[in-house]
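Please read the points with the structure open beside them.

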Amino acid sequence: MRDILNIMRFDYLTAKPLALAGMIFTIVVFGILSMFFSPIITTYMTFASMLFVIPLQGVADKSGFNKLYGILPVERKNITRARFLYIFLVHFLTELLEAVIICTAKGTTLYKILPNQNGETMQMVKESFADTKLTLLMLFGMFTFFCLIFSFMEMMGQIFGRENEFKIIMIAIGTLSLLAFVFTFLSEHDLIPVVKLPSLPDTVSGMVTSGIVANIVVFVICLLFGEITANQLAKREL
Amino acid sequence: MKIVIKNKSELPIYEQIEQQMKAQILDGTIMEDEQLPSIRQLARDLKISVITTTRVYNDLSDEGFIISVVGKGYFVAPRNNELLRERMLYEMEEGLEKAVTNGRNAGLTDDEIVTALRKFMEG
Amino acid sequence: MENILEITGLCKAYEDFALKDVSFSLPRGFIMGFVGENGSGKTTTIRAILNMAKIDSGKISVFGLDSVNDTIAIKERLGVVFDSLYLAEHLNIKQIEQQLKPFYKDWNSEEFFSRIKEFDLPDNRKVGDFSKGMKMKLMIAIALSHKAELIILDEPTSGLDPVARDELLDILAEYIEDENRGVLFSTHITADVERIADYVTILHSGKVWYTGTKDELTEGYAVIKGAEEDIPSALKEKLIGFHAYRNGFDALIKTDDLAGIPDSLEYEKASIDEILVYIAKEDKHERHSKYHEV
């Protein structure tokens, strides 16, 4: 476990100088925007998580990290596992930060100092501040989507090679779209019975509960992806 | 102690060091009872292999130039050391023999060689 | 004498290259030069020691520990210098130190920064902008800062200027003053190890051609020259890397085989470099003689 934490710290310190400025900029810009206009804007910060993930592989390739992995007193599987936990942690912390900013925005109600409080735009702002459910849906949705995408890409990239990663993503998206299209087509023409998705709980506490479930599920999937990748890589030479 | 190693010399490094150390012990540049650097220090200073310096010290102690004191290191053997004295006599005879041979080869008579030697000794 | 590194019967096959039954050992307290032409298998052997390459058969033990099962424990006490830097190029030395520190139980930051100072390395510049010599010294500083007992260098001097190469020898000479340590120094620039190495292992086409003390190697072989017709027939097959040209021949010979050679043949002691050249020629010679027999 100490190894995994050390490698996560190592990855963080590698990405930090490349990502920190962008992250702070994002927090400031999206934070101010959400304070005044809509707390939901905060959730777009999830994009910025990738600043801490994307540079890692490039640096590793350019700087010959496979040699470093060969000499560090760390089990190789733990190096791989740590990367997936790191991706989870980056997204999770961003999610927490977003939650804090959302709460602050709602609490401070800074939008009240804006001019023209009765204007049409102001009505939309007020509405978005009043709404919590959609904001929470976006918060958990963005987290789940990006964290899964990045850990999936990490797995594919590590197993099949970075150069094939884009291809794999395209194929995955293509297959999913095709399936969705066929499914929709068939059900719209009554060729198969329409499957009714369970509707999301319609209360704030219900949203929070499903959000926590989503976090746990994503965490487990990250662990799983990490384990699969670690086992695949362990068969190879550094 | 001053040792110069010539990489391009035909003599192996250990022999170069042995010759130079012997010469300096004999002419008193390295005083008797003086402590010598350890085998590993010498190897480090000269940037040569430890096996080479080990060989040097072994040879020099076998020939009586230096003595090894367990736990303390290597020292220049005292002058009255029998072994060293013998060794010095041997070196002298060797030198004389060479001088005589060279003199005879140059066509000098034995008397002339003795005269030359006496002159040399008077300085 | 305890061996700090011991390789027995190491075999490792790739599609186009194989290590065949590689065995050698390095006693604690000494420096071994690990030489051979490019592609002779030096790097593969080192990768096997580090458990980066998976061995097909054989056994490697470092500090008496097994290279596969105890690889973590070994790496705690092992320093490695590669021909290129293995650290994030956009970081400076302070950031690198932060990264590496927690991995080693015995990491000593004070020691690290005093080495950095001693080696004249700037601690606020990106390590990717360092010269080759500076990168090499950084890797050494890392090895020295976690009390590595064995330092393995894989072609550290290729592409280094003579000044930096000399500095490296200085550092290694200082390092080995402690008799509990060991150094395995892989290189094809034999001048680097000619003086400082206690032991030499020569690898040729994936096999060990020689392993033992350097003195026995350099005293054991001579370069012989002369007219081809003066070679006694019994001697001819003992010549290694025989090469005839218009005015005579040259070849490598074991000094044991020198007894009774005619005065018309001259010989002088062989350098490690010359030995390597004749080993390589010996391969070509086999092809030539077959050609002649036709």
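**Notes on the predicted model**

1. Start with chain A. Its secondary structure comes to eight helices and zero strands. Along the sequence the pattern reads α-α-α-α-α-α-α-α. Helices here are DSSP runs of H or I with at least four residues, strands are runs of E with at least two, and both are numbered from the N terminus.

2. A word on the basis. This is a predicted model, in which local features need pLDDT of at least 70, side-chain atom pairs count only at pLDDT 80 or more, and totals for chains, interfaces and linings use all residues. Residues are numbered from 1 along each chain as its sequence is written, while chains are lettered from A and ligands numbered from 1 in the order in which they are written.

3. Overall form of chain A. Its C-alpha atoms fill a box of roughly 65 × 55 × 30 Å, taken along the principal axes. Of the 238 residues in chain A, 31% are buried. Buried means that 20 or more other C-beta atoms, placed from the backbone, lie within 10 Å of the residue's own; 12 or fewer makes a residue exposed, and anything in between partly exposed. Take the contacts in chain A between residues at least 6 apart in sequence: 84% of them join residues at least 24 apart. A contact needs the C-beta atoms of two residues, placed from the backbone, to lie within 7 Å.

4. One helix pair in chain A deserves a look. Helix H4 (residues 76-108) of chain A packs with helix H6 (residues 133-160) of chain A at an angle of about 165°, their axes 10 Å apart. H4(A) is therefore roughly antiparallel to H6(A). The cut-offs are under 35 degrees for roughly parallel, over 145 for roughly antiparallel, 65 to 115 for roughly perpendicular, and oblique for the rest. Axes are lines fitted to C-alpha atoms, for helices over the stretch in contact, and angles between N-to-C directions run from 0 to 180 degrees.

5. Which residues meet there? Those of H4(A) include Phe84(A), Ile87(A), Phe88(A) and Ile102(A). Those of H6(A) include Leu139(A), Phe143(A), Phe146(A) and Phe150(A). By class, the contact of H4(A) with H6(A) has ten nonpolar, five polar and four charged residues. Nonpolar covers Ala, Val, Leu, Ile, Met, Phe, Trp, Tyr, Cys and Pro; charged covers Asp, Glu, Lys and Arg; the others, Gly among them, are polar.

6. Now chain C. It has ten helices and 14 strands. Its C-alpha trace spans about 70 × 40 × 35 Å along the principal axes. Buried residues make up 43% of its 294 residues. Among contacts in chain C with a separation of 6 or more, 69% are between residues 24 or more positions apart.

7. One open sheet of chain C has four strands, in the order E2-E1-E4-E5, with antiparallel pairing. Its edges are strand E2 (18-27) and strand E5 (65-66) of chain C, each pairing on one side only. Two strands pair if DSSP finds at least two bridges between them. Strand E4 (residues 57-62) of chain C is joined to E5(C) over two bridges, in the antiparallel sense. Val62(C) stands opposite Leu65(C) in E5(C). Helix H1 (residues 42-49) of chain C lies across strand E1 (3-13), E2 and E4 of chain C, at about 115° to E1(C).

8. Another open sheet of four strands in chain C runs E12-E13-E11-E14, again with antiparallel pairing. Strand E12 (240-245) and strand E14 (266-269) of chain C are the edges. The twist averages 20° from one strand to the next. Strand E11 (residues 221-226) of chain C pairs with E14(C) over four bridges. Ala222(C) has Lys269(C) in E14(C) as its bridge partner.

9. Which chains touch? Two pairs do, and chains A and C make the most contacts. No contact joins chain A and chain B, whose closest C-alpha atoms lie 27 Å apart.

10. Last, chain C with chain B. Here 17 residues of chain C are in contact with nine residues of chain B. H6(C) gives the largest share of the chain C side, four residues. That side divides into seven nonpolar, two polar and eight charged residues.
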